[in-house]
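Hi everyone, thanks for making time.

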Amino acid sequence: MAVLVKNPGRVRAVVNHIAEHYRTRVEPNGFKARVVTLDRECCVLYKRVMDELIDPEASAIVMISQSSDPPRWKVHARNKYAEERLLDRLRKRANNPTFIEPGERLEKVRERHDRGSSPAWSS
C-alpha cells in the first residue's frame, strides 16, 4: 500500500486536489485544514509538493522526530515549545490559513483526548 500511496504522480495529484479544494471551498469560508497522511515520510512528500503549489509558509508539518530520521525529515522537527508556538499561531491566524500534516501524531492526540485532555491545537 505504501508504494501506491507514495507514488510521486499520485502524491502530486492528491496534493493538487487538496490545494484546489481548499482554495475553492474551505478558505472562502474562513476555515483551515488538517491533512493526515499515512506516515512521516508521506508528510514530507506532501509538504514538498504543497510548497510548490501554495506559499511554503501556509503549511507546516507537526510530527515526532527520531534520531534515526533522514535529514530531509529533520528540517520539520520542532521541540515542544516550538510546536506549541506553531499551534498557537495556527489558532490565531484567521486570515492566514495553514495546513497541518500530523501523520503518525494522530494516535497521540487520540490518547490525550481519551485521557480527557484537549488536543494541543484545539481552541
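Take Lys 47 as a case: its relative accessibility is 7%, so it counts as buried. Across the protein chain, which has 123 residues, buried residues make up 37%.

A word on where this comes from. This is a predicted model, where local features need pLDDT of at least 70 and side-chain atom pairs count only at pLDDT 80 or more, while totals for chains, interfaces and linings use all residues. Residues are numbered from 1 along each chain as its sequence is written, and side-chain values use heavy atoms, leaving out hydrogens and water.

Now the layout. Helices here are DSSP runs of H or I with at least four residues, strands are runs of E with at least two, and both are numbered from the N terminus. By that count, the protein chain has six helices and three strands. Starting at the N terminus, you'd read the elements off as α-α-β-α-β-α-α-β-α.

Of the contacts in the protein chain with a separation of 6 or more, 69% are between residues 24 or more positions apart.

Let's zoom in on a helix pair. Two packed helices are described by the angle between their axes and the distance between the axes. The axes are lines fitted to C-alpha atoms, for helices over the stretch in contact, and the angles run from 0 to 180 degrees between N-to-C directions. Helix H2, residues 8-26, packs against helix H3, residues 40-53, at an angle of about 55°, and their axes are 9 Å apart. What do we call that? Under 35 degrees is roughly parallel, over 145 roughly antiparallel, 65 to 115 roughly perpendicular, and the rest oblique. So H2 and H3 are oblique to each other.

Who does the touching? On the H2 side, the residues include Val 11, Val 14, Val 15, Ile 18 and Ala 19, and on the H3 side Leu 45, Tyr 46, Val 49, Met 50 and Leu 53 are among them. Sorted by class, this contact has ten nonpolar, one polar and four charged residues. For the classes, Ala, Val, Leu, Ile, Met, Phe, Trp, Tyr, Cys and Pro count as nonpolar, Asp, Glu, Lys and Arg as charged, and the others, Gly among them, as polar.

Back to Lys 47, which lies in helix H3. Its side chain makes a polar contact with the side chain of Asp 51, at 2.7 Å. A polar contact is a pair of N or O atoms within 3.5 Å; within protein, one must be able to donate a hydrogen and the other to accept it, and residues adjacent in sequence count only if both atoms are side-chain atoms.

Here's another lysine. Lys 6 sits in the loop between helix H1, residues 2-5, and H2. Buried or exposed? With 16% relative accessibility, Lys 6 counts as buried. The side chain of Lys 6 makes a polar contact with the side chain of Asp 39, at 2.7 Å. Not counting residues up to four places away in sequence, Lys 6 touches Val 11, Leu 38, Asp 39, Glu 41, Cys 42 and Leu 45.

Over at Thr 24, we're in helix H2. Thr 24 is partly exposed, at 43% relative accessible area, and its side chain reaches the backbone oxygen of Glu 20 at 2.9 Å. Val 26, also in helix H2, is buried, at 16%.

Last stop, Ser 65, in the loop between strand S2, residues 59-61, and helix H4, residues 71-74. Ser 65 is partly exposed, with a relative accessible area of 33%. Its side chain makes a polar contact with the side chain of Asp 69, at 3.3 Å. Leaving aside neighbours within four places in sequence, Ser 65 is in contact with Arg 40, Lys 74 and Ala 77.

Definitions and conventions:
Contact = heavy atoms within 4.5 Å. Buried < 20%, exposed > 50% of the residue type's maximum accessible area, 1.4 Å probe, protein only.
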